[in-house]
Amino acid sequence: MGKVWRLQTRTDSEDGKKISKYCLKHKVAALGWSINDDHINIYNPEAITEIQEKRKKIKNIEGYYDVVRTYGLYGINNKKRLIAVDMLLKVEKGDYIWMRDNGIYYLGYVGDKLRYRYNFRNKALKHDAANQIKGVVWKPIGDESQVPGVIATAFIRGRTLQRVRKAYMYEYASFIYNGKPLVVNVESNESLKQLFYNCLSPSDCEDLVCLYLYDKANYIAIPSTNKIATELYECVLVNPLNGKLAYPQVKKGDEKLNTNKYIDLIKDNPNKEVYLFSSEDQVVVDTHIDNIHIISSDQLYSWVKEKIEENSFLIPEGIVKWYKLIHSSKNS
């Protein structure tokens, strides 16, 4: 089975724009460190001319490193390498690459014409896109609602080119790219649950937790409290029947939550509660506090399953879509 990659396209281009449109037009996956004129303007005129001539003769990755090391570009010496450039060589025929352009996600299939090249042409240098692999055929997939959450969040940080290692992302890429039925082999309900969470965005998980607390404990959100600056919780919920306040914190992925961080928030106030949720159950309980509650991934998943099977309108349409896609495709 092939691999799935994520490509960031912000480089040191002359116009400051991403190179995603360049990649789409030329059917390449490209990145920077291009030995363009802006990168070598610190040298004297003779050296600049020499580098410009040598870069025209680069035929492979070894030739690229010969030039970079000879002139000490990018702080590279005989012991160092450019990880992002080297990652291009790890991409293989049959792999998929995700890329984003102006809010639209594109998926590239790596075909038979795959090969690394250093493109010294003026357009590639101006875009700072000289390090390339050819043979990538891109297809538009859509906005974030069409993309599994683990793919969308992979664009938040990380290397220029990095592998997406979550289970079943290759199967999903093949499904969405080729339009064929999605078939996943799952050995247990646990793996099916994890695939479900992999497809959700962090916002999806936040929505589910708030809706769960509405359904189970009559809590409703106070919209003005949903602020980025509130690091300890997503928003404030209120129970209109008894005036209680709840502070949910939701983490998607393997980031840990610790109950100790929330003690001061609800200390000596029985009218306040904290609800912690981690999609991978990474909640550390150093101290048990009665009004700090943990919602397990099993609890939330079982509740979603129950509501969808009841045809409840409580679950957002986008989440229902992911649930039905996964559960209609399992091969057991």
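Trainee: Let's start with helix 12: which of its residues are buried?

Mentor: Keep in mind that we're looking at a predicted model. Helix 12 covers residues 297-309, and a residue has to fall under 20% relative accessible area to count as buried. The ones that do are Ser 297, Leu 300, Tyr 301, Trp 303, Val 304, Lys 307 and Ile 308.

Trainee: And within what arc do the buried residues of helix 12 fall, seen down its axis?

Mentor: An α-helix has 3.6 residues a turn, so residues three or four places apart point the same way. In helix 12 the buried residues line one face of the helix, because they fall within an arc of 160°.

Trainee: Moving to the rings, how many aromatic pairs does the structure hold?

Mentor: A pair of aromatic rings is described by the distance of the centres and the angle of the planes. Counting such pairs through the structure gives 17.

Trainee: Take Tyr 96 and Tyr 109: what kind of aromatic pair do they form?

Mentor: Their centres are 5.2 Å apart, with 55° between the planes. Edge-to-face would need an angle over 60 degrees and stacked one under 30, so this pair is tilted.

Trainee: How many residues apart in sequence are the parts that this pair ties together?

Mentor: Tyr 96 lies in strand 3 and Tyr 109 in strand 4, so the pair bridges two strands. Tyr 96 is buried at 2% relative accessible area, while Tyr 109 is partly exposed at 27%. The parts they tie together are 13 residues apart in sequence.

Trainee: Is Glu 273 buried or exposed?

Mentor: Glu 273 is found in strand 11, and its side chain makes a polar contact of 3.1 Å with that of Tyr 275. Beyond its sequence neighbours, Glu 273 touches several residues, including Tyr 219, Lys 244 and His 293. With a relative accessibility of 10%, Glu 273 counts as buried.

Trainee: Which ring does the charged end of Lys 321 sit over?

Mentor: Lys 139 gives you one example of this arrangement, with its charged end over the ring of Tyr 177, 4.5 Å from the centre. For Lys 321 the distance to the ring centre is 4.1 Å, and the ring belongs to Trp 322.

Trainee: Last one: how far apart in space are Lys 90 and Arg 163, C-alpha to C-alpha?

Mentor: Lys 90 is in the loop between helix 5 and strand 3. Leaving aside neighbours within four places in sequence, Lys 90 is in contact with Lys 3, Trp 5 and Asp 95. Lys 90 and Arg 163 are 73 residues apart in sequence, and in space their separation is 9.7 Å.

Methods. Residues are numbered from 1 along each chain as its sequence is written. This is a predicted model: local features need pLDDT of at least 70, side-chain atom pairs count only at pLDDT 80 or more; totals for chains, interfaces and linings use all residues. Side-chain values use heavy atoms; hydrogens and water are left out. Helices (H or I, at least four residues) and strands (E, at least two) are DSSP runs, numbered from the N terminus. Buried means under 20% relative accessible area, exposed over 50%, partly exposed in between (1.4 Å probe, protein chains only). A polar contact is a pair of N or O atoms within 3.5 Å; within protein, one must be able to donate a hydrogen and the other to accept it, and residues adjacent in sequence count only if both atoms are side-chain atoms. Contact means heavy atoms within 4.5 Å. The expected span of a helix is 1.5 Å times one less than its number of residues. The arc is that of the directions from the helix axis to the C-beta atoms. Rings of Phe, Tyr and Trp (its six-membered ring) pair if their centres lie within 6.5 Å; planes under 30 degrees apart count as stacked, over 60 as edge-to-face and the rest as tilted. A charge sits over a ring if NZ of Lys or CZ of Arg is within 6 Å of the ring centre and within 35 degrees of the ring normal.
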